[in-house]
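Please keep the sequence and the structure in view while reading.

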Amino acid sequence: MSHKHQSLLSWRPLAGRELPLLAALFLSLALVTAGYVLWLPDVSALKTKNPKVTSYMLLSELRDRAKGRKSRRLMLWRSLDRISPNLRNAVVASEDDNFYQHSGIDWDSTLEALRTDWEEKRLARGGSTITQQLARNLYLSPSKNPFRKLKEMLIAKRLEKELGKRRILELYLNVVEWGRGIYGAEAAARTYFGKPASDLTPEEAAALAAVLPSPRRYNPVGGTRFMERQKRRIIARMSADGYLPEGYGEEDGEAPEASTATAAGVPSTVSTSPAAGAAEGFSSPR
């Protein structure tokens, strides 16, 4: 008998003994995965209680400590009425244009993101709504694991059912990151512009909204070409959505408040100096 036939004969009984073990392992993994996806947090407390910490904050601080860096957490809670409509509208226009129409998931954006991911053979786009981003910030991680994405969707549906749009937007604007250790609109406004979130101009709001996709990579007052393009894009979208007068921010525009902006839509009063953002213990991020 050849060596090949001897190997096949010796393998068959081994496979027979291992099949039940493999089946049990597969079933266990399936149950754990189902439990992870289907176990959802109770979000009803968020109707009246403001979260003091989120999953994203804790993970970020763990990463900082692992790198030997001192972590910080700058956060000042503000009700939605104390956050400038300019910022509320800039964030909706840039992050989730259909925020007030969908019920937690924008299926058109999700399908478009899936098509992009398929074409580029990588997880290039997320397609997450503001509600999904809030779910991820509060309870999950930045991982692009498909099971995490599914759980994000389920939590988002629960948030929409329990809280409603106004409370969801208020929570989002108070917990989202705007730079290393800078959380929420009030901390961001004071750090970068030296003013409360209630006083943000359209240009300042657009600058803050522009960094949301990657808040540790971009600086709202950095003045890079990319940031200027993003701010102009957001201003144009706000105008198109009716949040600003038509033509606001254009070179020949004469809309109210536009006198403080340059032709590129950048506020002339904003300084990129670290001292410019100092207010009540806040300092410009490194």
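## Burial and the predicted model

A residue is called buried when its relative accessible area is under 20%, exposed when over 50%, and partly exposed in between. The model is predicted, and every value below is computed from it.

By that cut-off Phe99 is buried, because its relative accessible area is 0%, whereas Tyr100, with a relative accessibility of 46%, is partly exposed.

## Aromatic pairs

The count of aromatic pairs comes to two. In one of them, the ring centres of Phe99 and Tyr100 lie 4.9 Å apart, and since the planes stand at 70 degrees the pair is edge-to-face. In the pair formed by Tyr218 and Phe226, the ring centres are 4.8 Å apart and the planes meet at 25 degrees, so this pair is stacked. Tyr218 is partly exposed at a relative accessible area of 22%, and Phe226 is likewise partly exposed, at 30%.

Phe99 has a further neighbour in Lys165, which lies over the face of the Phe99 ring, 4.6 Å from the ring centre.

## Packing of H3 and H10

Helix H3, covering residues 85–95, packs with helix H10, covering residues 225–240, at an angle of about 100 degrees, and their axes are 9 Å apart. An angle from 65 to 115 degrees counts as roughly perpendicular, and H3 is therefore roughly perpendicular to H10.

On the H3 side the contact involves Asn86, Asn89, Ala90, Ala93 and Ser94, which meet Ile234, Arg237 and Met238 of H10. Sorted by class, the residues in this contact of H3 with H10 are four nonpolar, three polar and one charged.

Technical notes: Residues are numbered from 1 along each chain as its sequence is written. This is a predicted model: local features need pLDDT of at least 70, side-chain atom pairs count only at pLDDT 80 or more; totals for chains, interfaces and linings use all residues. Side-chain values use heavy atoms; hydrogens and water are left out. Rings of Phe, Tyr and Trp (its six-membered ring) pair if their centres lie within 6.5 Å; planes under 30 degrees apart count as stacked, over 60 as edge-to-face and the rest as tilted. Buried means under 20% relative accessible area, exposed over 50%, partly exposed in between (1.4 Å probe, protein chains only). A charge sits over a ring if NZ of Lys or CZ of Arg is within 6 Å of the ring centre and within 35 degrees of the ring normal. Axes are lines fitted to C-alpha atoms, for helices over the stretch in contact, and angles run from 0 to 180 degrees between N-to-C directions. Helices (H or I, at least four residues) and strands (E, at least two) are DSSP runs, numbered from the N terminus. Angles under 35 degrees count as roughly parallel, over 145 as roughly antiparallel, 65 to 115 as roughly perpendicular and the rest as oblique. Contact means heavy atoms within 4.5 Å. Ala, Val, Leu, Ile, Met, Phe, Trp, Tyr, Cys and Pro count as nonpolar, Asp, Glu, Lys and Arg as charged, and the others, Gly among them, as polar.
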